[in-house]
Amino acid sequence: HLDLAKWLVGQGCDINWADNLGQNALMLAARMGHLDLAKWLAGQGGDVNQVDNMGWNALMWAAAFGKFELEKWLAETGVNINQVSHSGATALSESMMPRSSDTARYLIQRGASLTAGDSPGPDGYLFRALELEDTALINLLIPQCDVSKRSGLDDTALMIAARNNYIDIAIPLIQATLLHPNGREIGRAHV
């Protein structure tokens with residue numbers, strides 16, 4: 001892929017040319033996980049923040065397809081990690097899949113907004129992290145959440161963790177539940 005890209009650019013092709021979907025070569029490389037190609041394209045002037053017809057940038061494509069190394073590199077290049085698509089999706093919302101929870105943790109640590117676009121907000125991301133059984137992601141989200149909030153099924157995060165015997169997840173939730181971020185005691189009613 002890299003040799004072909006070099007040849008095409010050498011023939012005068014526009015590095016940021018987009019197809020009928022608005023996707024440039026950098027987006028395609030991100031989606032397919034071709035890190036060397038993506039680095040070369042960016043080094044030749046490929047726009048990491050270019051968006052396609054859906055409003056997606058290269059980071060969103062990498063996140064949707066679970067290309068973690070490429071996502072890390074893109075985040076370090078200064079790509080807009082909070083790009084919101086026309087449908088309200090973000091790289092963070094796309095990364096909340098079993099194959100991509102490493103990305104979700106990384107993006108949150110890099111400052112991705114938990115409220116951009118049509119995101120479920122911090123509490124919604126916490127419930128999604130519970131579904132993924134991702135203890136590290138849950139621990140990252142807890143300080144930013146109201147752990148006494150209830151899901152659409154009227155469960156708190158702790159209730160879900162206890163019911164599913166997620167002991168490693170239940171412990172930090174218990175600690176966060178006992179002292180709510182606003183400083184008042186929650187008590188057993190919510191536990």
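This is a predicted model: local features need pLDDT of at least 70, side-chain atom pairs count only at pLDDT 80 or more; totals for chains, interfaces and linings use all residues.
**Exercise 1. Decide how far H8 is enclosed, and find what covers its buried residues.**

Solution. Begin with the cut-off, under which a residue is buried if its relative accessible area is under 20%. The buried residues of H8 are Gly121, Pro122, Asp123, Tyr125, Leu126, Phe127, Ala129, Leu130 and Leu132. Because 9 of the 12 residues are buried, H8 is largely enclosed by the rest of the structure. The cover over these buried residues includes helices H6 (91-95), H7 (101-109), H9 (135-141), H10 (157-163) and H11 (167-178).

**Exercise 2. Classify Cys13 and Cys145 by accessibility, and state how many disulfides the structure holds.**

Solution. Cys13 has a relative accessibility of 40% and therefore counts as partly exposed, whereas Cys145, at 4% relative accessible area, is buried. A search of the whole structure for disulfides finds 0.

**Exercise 3. Describe the nonpolar surface patch that includes Leu8.**

Solution. The patch is made by Leu4, Trp7 and Leu8, and its area is about 310 Å². Leu8 belongs to helix H1 (residues 2-10), and its relative accessible area of 32% makes Leu8 partly exposed. That value also meets the patch requirement of over 30% relative accessible area.

Methods. Residues are numbered from 1 along each chain as its sequence is written. Side-chain values use heavy atoms; hydrogens and water are left out. Buried means under 20% relative accessible area, exposed over 50%, partly exposed in between (1.4 Å probe, protein chains only). Helices (H or I, at least four residues) and strands (E, at least two) are DSSP runs, numbered from the N terminus. Contact means heavy atoms within 4.5 Å. A disulfide is a pair of cysteine sulfur atoms within 2.5 Å. Patches are made of residues with over 30% relative accessible area and no salt bridge: like charges are joined within 9 Å, nonpolar side chains (Val, Leu, Ile, Met, Phe, Trp, Tyr) within 5 Å. Accessible areas come from the Shrake-Rupley method with a 1.4 Å probe; for residues, only the protein chains shown count as cover. A salt bridge is a side-chain nitrogen of Lys or Arg within 4 Å of a carboxyl oxygen of Asp or Glu.
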